[in-house]
Structure formats: C-alpha cells, structure tokens
Amino acid sequence: MSAQVTRIFRFDASGCNGCDVEVLEATALVSLGELGIEIAERPDDANLLVVTGGANVKSKRELEIAYNAIQAPKTVVAVGSCAATMGIFKGGYAMAGPIDTIIPVDLYITGCPPRPQVILGALADALHLNVEGMEELLRTPQGFRGNPHVDQAKCVGCGACAHVCPADAIEIAGSGTKRRVRFMHKDCIFCGSCQDVCPSEAVELRAGRKEWFQTKEASLSEAYLAVRTCRLCGAAYTPDAQVAWALRRMGEKLSLDASDRGMVERSLGICMECRRKSIAEVREAKRILASLARGASA
Amino acid sequence: MARSQPGTSVIVFEPQLCTGCRYCEIACAVWHCGRIDVTRSRIRILFDEGRTAERYAAVNCQHCDDAICCAVCPSEALQKDQKTGWVTQNSTKCVGCEMCIVACPLSVPIFDPALKVAVKCDFCLGAPECVKHCSSGALRLCAREEAVQLNARLYLSAKDDR
C-alpha cells in the first residue's frame, strides 16, 4: 500500500468533534504529501476512511454509503473511544453504533480524544509509511497522562477505581475464589480518577505505550486476585490482599498488642454478611470492640 | 489515633430490654433515606427465638476510640470527632473502597450502591433517631466511660449462652 497514494476521507459519525479537531491537527503536524497521503473531498475519491464518533441512527446510513463508495482496498480507521464503543454516548436513545457493528474496521485508535501524534503514528504504522526524521513530531508530549496500568503486586481488588470511573472502563469480575480487575483502554478518557482514588497506589497512568490496535479488546491492563472464603458460610467475599492491606494499616495507625491483633484478624475471617447475621457473631464482634475500648480507656 | 474528649456520650444497647419492635431501624431509614426501607437502616436488630438467653442483638456503631474504620480509611472520609466523640463519614471524600466494611469486626458501615460509597451511623448529628424512638429504653445515650463499663459487663464477663 505504501507505493500508491493513500487518499483519506474523514467521516464524522456524530461525535463531539473532539476527535475531528485532533485529526485536523494530525494532518497539520507534517507535510502529508511527503508521506504519500492526500485528503479526499469525496468518499469515491478515497481508499481510506477515518471515522470519528459512535454513529447514530442518522449517520449510520451515511456511513454505509461512504464505506460502499470508497475504493478498494478499503481501509477503515476508527478514531477515539466513541468509534470503538460509543464512549460517552453509550446508551443514548439515538445511538446505532459502535461503528464496527455497521462496517468492518481495520484499526482502532484509543483515546478520548487520541492525541494527534498517535493518530499520525497509527496511520504511519498501518500504511507502512516512512516516518524517518519525524520521530520528534510523533513523540508523546510532556504532561500527557496516558493510559492506566495496574500493578498486580500492589492491587488489593477493592473496586474503588471501578466505582469512580466515569467511562465504565474498569471491570471487576470474579468467579469463585478469583477476582479480576480489568482496565479497558478502548473506553478510557485519561481522567486519572482511578489513580487518584487507589488506596494501594496500584494504578498509574502511563504515557508512551502503543495506543492503536487491530482489535478493540487488545489493549488491557489486568490484575488477578485470590479471594478468601468465609469461615462460616464458605462464600467468597473479599480479596486476601484487601484484608492484608487493612491489617497492615491498622498496625501502622493503632497501637494494637498481639492478642488484640489476633482477635481482630480472626474476626476478619468471616464474611461481611455473616458478621451481621447471627446473634452469636454480633456478640463476638461486640466482645472484641468492648475489649479494645476497655484497653483504650485503661 | 483519635480519642474522645471527656464528657462525650455514645449509644448503648441493652439486649435484655429490647422487644424487637425494630422501630429504631425504621426511624433510622426515614431520617437518613427519607423512606421506610429497613435494608438501608444503619442499625440492625437481630432476633432469635431459638436462644434461651440474649435473644436480641443490635448491629450498631460503637463510635470507638481509636476506631478501626478510621484507621483503614485511605481517603480520610471516616473521621473521629474528638469534641463530640462521633465517628462520622464524609461521603464526598469516600472512594467506595469498602475497606471500612471489611475491617470493622461488626461490619457496621454498609455500601450504598446508588452513591457508590460506604455509609454508617452519624449519630444523627446530635440526637439519634433510634434512641428517640426506642420505647423500651434498650437503646439509650450514655456517658462514654459508663458505656465502656456496661459493654465490658455485657460482652466480656457474661458467658455467651447459646
């Protein structure tokens, strides 16, 4: 494909125009002619379709027309979260996407919006363009946050990041004694909330990683955690790492002696349901708290 | 860690006085959530007819000194107010990590799925509704020093008769 001229037609499938601005900026970063890229005015002049936005009921038909009109070999590049997942418009009454349910997509560029450098880098990679001498232009700018990455060794699996994520990019799933924390970069908007709330500082937004993919599920960051089971009912309730984190924190902040610590640790072997369910367990918990209170007041 | 100043009071529960009317649960839910939904009450009364003694128990916040929940809270949402003795939770600071729910031996805080934060007894900011509506006097306010002794008598000396 590198030998022939790539003619790009940009299609706005009802996004917010954020991605369109970045695509425009990407075309202004370098001299496109030198790379063998031209901007097409009409879809039937083009052989590459750059799609932004998640497609609604009106743009869906236009998108199909544009895709049918472009010349072979047809290449479709989905730019941004909306094109991949409908992003912030997910669940909207007028939405008919994401676009890979309407037309075949060859490349996804993640981000909300993706940086112009990434858009250009992705196109160069997909079209095997010679970008020698342009590395400086394609570099991640200073201050860009990047995608979240979770450190398996530090993650406690509490789920605070998933609660706070405005883009639903974080999924906490689990079956039995395993819990999976999954960051899906196709949805991420780089807001950094997950990094802010993480109690164990396991999440870090990191720039400089590849941000374009052949399939939208390809870009993930995951942590797997072992979940402990309740001593009484046998149900899986909370990750071992979370209990260990809480106990460590208690050790730092409270002056518990060995017997207090053992008592509290033992009480955490019961699931939260069981702790509140039977009179025997409630009395046992109150016994622990009464003992701690007496120790504190002595 | 934070301790209460002298002269603060706490809510105590005396199981032998409880009648199991659960009016405290309703009052709590109404005050905090504006509706009669005892699943969202921050106090819970347990009743077990099968037991010969101690047939009632309450899951209620002890507003501990050196509270475990405050110690494990990573976002400083749970705080011990030394002047009033209350352990209160700031839901705008809470990140929903459920650390307090996991760490409290009694699991007093409960998770609010709508707000995605933990919620707990906040002493109704002065006049607890559960105490106000307890007709039998099982729930009452009492000086902290006295409450420590009462709880020690209730839970540390008495043999748990199942």
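Predicted model: local features only at pLDDT ≥ 70, side-chain atom pairs only at ≥ 80, totals over all residues.

**Stop 1: two loops in chain B**

Select B:Asp66 and you land in the loop that runs between β3 (56-59) and α2 (68-72) of chain B. Its phi is near 50 degrees, a positive value in a residue other than glycine. Is B:Asp66 buried, exposed or partly exposed? A residue counts as buried with 20 or more other C-beta atoms within 10 Å and as exposed with 12 or fewer; B:Asp66 has 19, so it is partly exposed.

Now jump to B:Leu125, in the loop between β7 (117-119) and α4 (129-132) of chain B. Here phi is near 55 degrees, again a positive value in a residue other than glycine. B:Leu125 is exposed, with 10 other C-beta atoms within 10 Å.

**Stop 2: the cores**

Pick B:Ile68, B:Cys69, B:Val72, B:Cys100 and B:Ala103: these have the most contacts inside the largest nonpolar core, a set of 95 residues. Helix α12 (residues 279-297) of chain A is the top contributor to this core, giving eight residues. Colour chain A by domain and you'll see that domain 2 (147-226) and domain 3 (230-297) both give residues to the core, so it lies between them.

Which residues does B:Cys69 touch, leaving aside those up to four places away in sequence? They are B:Leu78, B:Val87, B:Cys100, B:Ala103, B:Cys104 and B:Pro109.

There is a second, separate core of 39 residues, and A:Val50, A:Val77, A:Cys82 and A:Trp212 are among them.

**Stop 3: where the chains meet**

Show both chains and highlight the contact: 37 residues of chain A meet 37 residues of chain B. On the chain A side, α7 (160-164), α9 (240-253), α10 (258-267), α11 (272-275) and α12 each supply at least two residues. The largest share, 16 residues, comes from α12(A). Colour that side by class and you get 22 nonpolar, seven polar and eight charged residues.

Stay on α12 of chain A and click A:Ser297, which sits in this helix. Not counting residues up to four places away in sequence, A:Ser297 touches B:Glu145 and B:Val148. A:Ser297 is partly exposed, with 15 C-beta neighbours inside 10 Å.

**Stop 4: the domains of chain A**

Chain A splits into domain 1 (6-138), domain 2 (147-226) and domain 3 (230-297). The centres of domains 1 and 2 of chain A, taken over C-alpha atoms, are 26 Å apart. Their contact takes 13 residues from domain 1 and twelve residues from domain 2. On the domain 1 side, α4 (80-85), β5 and α5 of chain A each supply at least two residues. That side divides into eight nonpolar residues, four polar and one charged.

How many of its eleven residues are buried? Eight are, so call this helix mostly covered. The buried residues include A:Val118, A:Ile119, A:Leu120 and A:Leu123, along with A:Gln117 and A:Gly121. Among the elements covering them are α1 (18-29), β4, β5, α6 (135-138) and β10 (212-213) of chain A. Step past α5(A) to A:His128, where phi is positive, near 55 degrees.

**Stop 5: two cis prolines**

Go to A:Pro73, in the loop between α3 (57-69) and β4 (75-79) of chain A. The peptide bond from A:Ala72 to A:Pro73 is cis, with omega near -5 degrees. Then try A:Pro113, in the loop between β5 (107-109) and α5 (116-126) of chain A. The bond from A:Cys112 to A:Pro113 is cis as well, with omega near -5 degrees.

**Stop 6: a sheet in chain A**

Finish with the open sheet of four strands, ordered β7-β8-β11-β12 (chain A), with antiparallel pairing. β7 (170-175) and β12 (236-239) of chain A stand at the edges with a single partner strand each, so one side of each has no neighbour in the sheet. From one strand to the next the twist averages 30 degrees.

Last, bring back α9(A), which lies across β11 and β12 of chain A and runs at about 55 degrees to β12(A).

Methods
Residues numbered from 1 in each chain as written. Chains lettered and ligands numbered in written order. Core = buried A, V, L, I, M, F, W, Y, C linked by C-beta atoms within 7 Å. Domains from an automatic or database assignment. Contact = placed C-beta atoms within 7 Å. Nonpolar A, V, L, I, M, F, W, Y, C, P; charged D, E, K, R; others polar. Pairing = 2+ DSSP bridges. Axes fitted to C-alpha atoms, helices over the stretch in contact; angles between N-to-C directions.
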